[in-house]
Amino acid sequence: KGMMKLSVIAAVAVCISSSMAFAGTGASLEKWTAYSDRTPKGTPLCALTSAPTTGQTVKNISVKKFGGDEHLNVTMYKDSWKIPQGTSVTTTIDFADGQPMTLESYGDGKIVDIALPKEATAVFLSLLIDSKVMRISFPRGKEPTWEASLASIRPQLKVFVDCMRKQENTQPF
């Protein structure tokens with residue numbers, strides 16, 4: 001189980017190392033930032049976040065890996081949302097590859113959180129590298145489709161994967 005996680009991370013790291021350039025798509029979410037932190041309860045956190053350029057609606061998309069979890073979370077935040085806690089939100093992630101993934105997400109206040117199935121982790125990370133754009137839509141709601149350019153994600157995705165590796169290589173002594 002642990003070896004499988006490390007091999008998925010290693011495979012993604014190899015993909016990131018290969019060079020591939022993309023032209024910008026003009027999407028509203030373009031700049032990606034990776035960082036590590038801890039939750040208020042002390043759980044290690046690796047995150048990859050894209051926020052809008054100045055003057056746009058306050059919103060962001062984050063890909064997160066919490067220490068101890070075997071899956072990734074994709075979290076959307078929008079300042080104007082008022083989602084009742086525990087609301088089920090149908091969400092579709094589409095990389096314009098003809099294979100959109102529709103999942104039930106958790107809504108609470110200003111966030112919608114998708115727990116990606118752990119089996120989808122390697123494919124999801126590969127699509128972040130190989131695609132030009134990620135679109136997130138909410139088929140049952142009125143929220144317009146979100147679009148994030150992936151043109152600048154490669155260096156930040158490497159930082160994110162390195163952070164995930166460190167989470168997996170912890171020692172109890």
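Before I start on the sheet: I take two strands as paired if DSSP finds at least two bridges between them. Also a reminder to myself that this is a predicted model.

**Entry 1: strand 4 and its partners**

I started with strand 4, residues 73–78. How many bridges join strand 4 to strand 7? I count 5, and the two strands run antiparallel. Strand 7 covers residues 111–115, and within this pairing M76 stands opposite V112.

Then I looked at the other partner. Strand 3 (residues 59–66) is joined to strand 4 by 6 bridges, again in an antiparallel arrangement. Here I61 is the residue opposite M76.

Strands 3 and 4 make a hairpin, with 6 residues between them. I checked the turn and found G68 there, with a positive phi of about 95 degrees.

Is strand 4 enclosed or open? Of its 6 residues, 5 are buried, so the rest of the structure largely encloses strand 4.

A96 has one, about 60 degrees, and A96 is not a glycine. I located A96 in the loop between strand 5 (83–94) and strand 6 (101–109). Its relative accessibility is 51%, and because the cut-off for exposed is over 50%, A96 counts as exposed.

**Entry 2: cysteines**

My search of the whole structure turned up 1 disulfide. C46 and C163 form this disulfide, with their sulfur atoms 2.0 Å apart. The pair links distant parts of the chain, since C46 sits in strand 2 (residues 44–52) and C163 in helix 3 (residues 153–168), 117 residues apart.

Which hand does the disulfide have? The torsion about the S-S bond of C46 and C163 is about -85 degrees, so I put it down as left-handed. I checked burial too: C46 is buried, and C163 is buried as well.

**Entry 3: helix 2 against helix 3**

The axes of helix 2 (residues 121–130) and helix 3 come within 9 Å, crossing at roughly 155 degrees. Helix 2 and helix 3 are therefore roughly antiparallel.

I listed who touches whom. From helix 2 there are L125, L128 and I129, and they meet I153, R154, L157, F160 and M164 of helix 3. Sorted by type, the residues of this contact come to 7 nonpolar, no polar and 1 charged.

R154 made me look again. Is R154 buried or exposed? Its relative accessibility is 15%, so R154 counts as buried. From R154 to L128 I get 8.2 Å, C-alpha to C-alpha, with the two 26 residues apart in sequence.

**Entry 4: the whole chain**

Last, the overview. The secondary structure of the chain comes to 3 helices and 9 strands. In order from the N terminus I read α-β-β-β-β-β-β-β-α-β-β-α.

The chain has 173 residues, and 39% of them count as buried. For contacts between residues at least 6 apart in sequence, I get 57% joining residues at least 24 apart.

Key: Residues are numbered from 1 along each chain as its sequence is written. This is a predicted model: local features need pLDDT of at least 70, side-chain atom pairs count only at pLDDT 80 or more; totals for chains, interfaces and linings use all residues. Side-chain values use heavy atoms; hydrogens and water are left out. Buried means under 20% relative accessible area, exposed over 50%, partly exposed in between (1.4 Å probe, protein chains only). Helices (H or I, at least four residues) and strands (E, at least two) are DSSP runs, numbered from the N terminus. A disulfide is a pair of cysteine sulfur atoms within 2.5 Å. Axes are lines fitted to C-alpha atoms, for helices over the stretch in contact, and angles run from 0 to 180 degrees between N-to-C directions. Angles under 35 degrees count as roughly parallel, over 145 as roughly antiparallel, 65 to 115 as roughly perpendicular and the rest as oblique. Contact means heavy atoms within 4.5 Å. Ala, Val, Leu, Ile, Met, Phe, Trp, Tyr, Cys and Pro count as nonpolar, Asp, Glu, Lys and Arg as charged, and the others, Gly among them, as polar.
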